[in-house]
Amino acid sequence: MRPMPSTRPTRLAPLGATAVLLLLVGAGCITGMPAPSDSNGLPPGPEANEGEQGSAPAPQVQQAFFVGEPQLSFNHVQPGVRSEFYVDLQAAANPPQLDIRDANDPGPVVTLTLSGPGIMGEATETHPYEAGQKIRFTWNINRLGTYKAEGGVYLGSQLESPISGQLKVQ
């Protein structure tokens with residue numbers, strides 16, 4: 001069995017032009033073939049070295065809702081068994097005012113859907129949008145490969161600020 005790297009925290013870094021291209025695609029359907037796997041269920045490729053972790057610059061978003069660049073990263077929590085995939089966003093202290101017409105509407109929320117070869121559990125997460133707060137999305141994964149996060153800030157069913165990015169977990 002190919003071991004996954006250790007559990008040291010992952011350093012975060014900004015993503016480049018790939019996120020811009022994904023942003024243009026929007027939050028629509030993602031297509032693709034799952035990564036091929038070897039006999040232990042992990043996709044083929046270079047062996048992961050002990051202590052190796054990864055991060056990439058994250059998706060592009062409208063800066064009015066967020067401060068700085070969102071971050072995509074992962075951490076091999078249980079090497080060879082389970083890793084965690086993260087998207088971190090910093091909500092702006094003074095985001096644009098949204099017209100909430102329905103008294104039952106909870107206000108803006110941030111919803112992201114993760115796609116990739118080994119998502120354990122629900123692929124979609126939703127968090128309330130709270131001005132000035134850090135928002136962390138966390139998914140458990142059990143396969144190496146490329147993962148994509150897409151979604152954005154929503155008021156009801158209206159997309160106010162799209163988010164899209166990808167990171168290769170190795």
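Q: Which residue in β3 stands opposite Gln71?
A: Asp88 of β3 stands opposite Gln71. Strands here are DSSP runs of E with at least two residues, helices are runs of H or I with at least four, and both are numbered from the N terminus.

Q: Before we go on, what kind of model is this?
A: It's a predicted model: local features need pLDDT of at least 70 and side-chain atom pairs count only at pLDDT 80 or more, while totals for chains, interfaces and linings use all residues. Residues are numbered from 1 along each chain as its sequence is written, and side-chain values use heavy atoms, with hydrogens and water left out.

Q: OK, back to β3. How many bridges pair β2 with β3?
A: There are 6 bridges between β2 and β3, in the antiparallel sense. For two strands to pair, DSSP has to find at least two bridges between them.

Q: And what's in the turn of that hairpin?
A: The β2–β3 hairpin has 3 residues between its strands, and Gly80 in the turn has a positive phi of about 85 degrees.

Q: Is β3 mostly covered or mostly open?
A: Mostly covered, as 8 of the 9 residues in β3 are buried. Buried means under 20% relative accessible area, exposed means over 50%, and partly exposed is in between (1.4 Å probe, protein chains only). Over the protein chain, buried residues make up 43% of the 170 residues.

Q: Switching to rings. How many aromatic pairs does a search of the whole structure find?
A: The search finds 5. Rings of Phe, Tyr and Trp (its six-membered ring) pair if their centres lie within 6.5 Å; planes under 30 degrees apart count as stacked, over 60 as edge-to-face, and the rest as tilted.

Q: Why does the Phe85 and Tyr147 pair count as tilted?
A: Because their planes are at 40 degrees, with the ring centres 5.7 Å apart. This pair links distant parts of the chain: Phe85 is in β3 (residues 82–90) and Tyr147 in β8 (residues 145–155), 62 residues apart. Phe85 and Tyr147 are both buried.

Q: How about Phe137 and Trp139, stacked or tilted?
A: The planes of Phe137 and Trp139 are at 15 degrees and the ring centres are 6.0 Å apart, so that pair is stacked. Phe137 and Trp139 are buried as well. Phe85, Phe137, Trp139 and Tyr147 form one aromatic cluster.

Q: What sits over the ring of Tyr86?
A: The charged end of Arg136, 4.0 Å from the centre of the Tyr86 ring. The test is NZ of Lys or CZ of Arg within 6 Å of the ring centre and within 35 degrees of the ring normal.

Q: New topic: what's the strand order in the open sheet of 4 strands?
A: The order is β6-β4-β8-β9, with antiparallel pairing. β6 (124–128) and β9 (158–169) each have a single partner strand and stand at the edges, so one side of each lacks a neighbour in the sheet. Neighbouring strands are turned by 20 degrees against each other on average, direction ignored. Those angles are between N-to-C directions of axes, which are lines fitted to C-alpha atoms (for helices, over the stretch in contact), and run from 0 to 180 degrees.

Q: Which residue of β6 is the bridge partner of Val110?
A: Val110 has His127 as its partner in β6. β4 (residues 109–115) and β6 run antiparallel, joined by 5 bridges.

Q: Which residues touch the most other members of the largest nonpolar core?
A: Phe66, Phe85, Val87, Val110 and Tyr129, out of 24 residues in that core. β7 (134–141) is among the elements giving two or more residues to the core, and β7 gives the most, with 4. A nonpolar core is a set of buried Ala, Val, Leu, Ile, Met, Phe, Trp, Tyr and Cys residues joined through side-chain atoms within 4.5 Å.
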